[in-house]
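Student: Could we go through the charged pairs of this chain together, one step at a time?

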Amino acid sequence: MRFLVCIKQVVDASKVEVDPATGRLKRNNANSIMNPLDLHALEAAFELREQTGGTVSMGPNQATNALKECLAIAADKAYLVSDRAFGGSDTLATSYTLVNAIRTLEAFDVILCGQESIDSNTAQVGPEMAGMLGIPDVSHAIGNLSINGNVIIVKRQMNDGAEVVEMKTPCLITTGKELNKPRYPSIKGLLAKDTAEIHRITSADIEADPARLGIKGSPTQVRKVRPVKPMKKENLKISGKTAEESAAILAEALHKIQVI
């Protein structure tokens, strides 16, 4: 079987800075890391490969180093989807670009993505890709991941609990951090990663409508980003003579801070 893992390089949230003049993230000097949830998607692909055999391919991404890291861990192939025409994409344009890039490759049985990226937290790209490809998908996988023939079994997180579902391949799964513990690169992989081949995919390699790529194909755009000021913490001591009086004091306090 063939497994494709979509990864993204993001700005380290612990070191992110905002340009006070433009309100945008400072990316040029920021420390970039692989999106943490994508590591769980990668580990899931490795575990499925161990169950069934096959290959694990990486792509797409915005940086070669992150792909080499994946190859060092245990991926078989890496694809870099990169072009100035893709710049400024929102989730819709990103999904459209990735789907058309995937269509240039050999058919995949399972596509895996991290549930969301830490720089935008939309959790939209995975499901949008599945919709465009016309395949079933499961979001926020947390366990029970296994394959029986052409049926994949997975446990997913729900608002009020969890459920175990089955779906036929080809399919797409987005992974939560509860699903597994990502493995570390091997010594052999680390030594070989700098000479590993990265297959590049540009806008010239895909059959896509230019009007649906990049900023042109993005109906939603971030106009401004600003840091959130921490709320001032205050302690409240309730000293009513009775339970009813204490409850009334608490209700009044919550009303003043617009909680109720």
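This is a predicted model: local features need pLDDT of at least 70, side-chain atom pairs count only at pLDDT 80 or more; totals for chains, interfaces and linings use all residues.

Student: Which residue forms a salt bridge with Glu-43, and how many residues apart in sequence are the parts that the pair ties together?

Tutor: The side chain of Glu-43 meets that of Arg-183 in a salt bridge with an N to O distance of 2.8 Å.

Student: Which residues are linked with Arg-183 in a network of salt bridges?

Tutor: Arg-183 also forms a salt bridge with Glu-50, whose closest N and O atoms are 3.0 Å apart. Glu-50 lies in helix H1, so this pair ties together parts 133 residues apart in sequence. The residues linked with Arg-183 in the network are therefore Glu-43 and Glu-50.

Student: Is Arg-49 buried or exposed?

Tutor: Arg-49 is placed in helix H1 (residues 36-52), and its salt bridge with Asp-76 has its closest N and O atoms 2.9 Å apart. A polar atom of the Arg-49 side chain also lies 2.9 Å from the backbone oxygen of Ala-74. Because buried means under 20% relative accessible area, the 16% of Arg-49 makes this residue buried.

Terms used. Residues are numbered from 1 along each chain as its sequence is written. Side-chain values use heavy atoms; hydrogens and water are left out. Helices (H or I, at least four residues) and strands (E, at least two) are DSSP runs, numbered from the N terminus. Buried means under 20% relative accessible area, exposed over 50%, partly exposed in between (1.4 Å probe, protein chains only). A polar contact is a pair of N or O atoms within 3.5 Å; within protein, one must be able to donate a hydrogen and the other to accept it, and residues adjacent in sequence count only if both atoms are side-chain atoms. A salt bridge is a side-chain nitrogen of Lys or Arg within 4 Å of a carboxyl oxygen of Asp or Glu.
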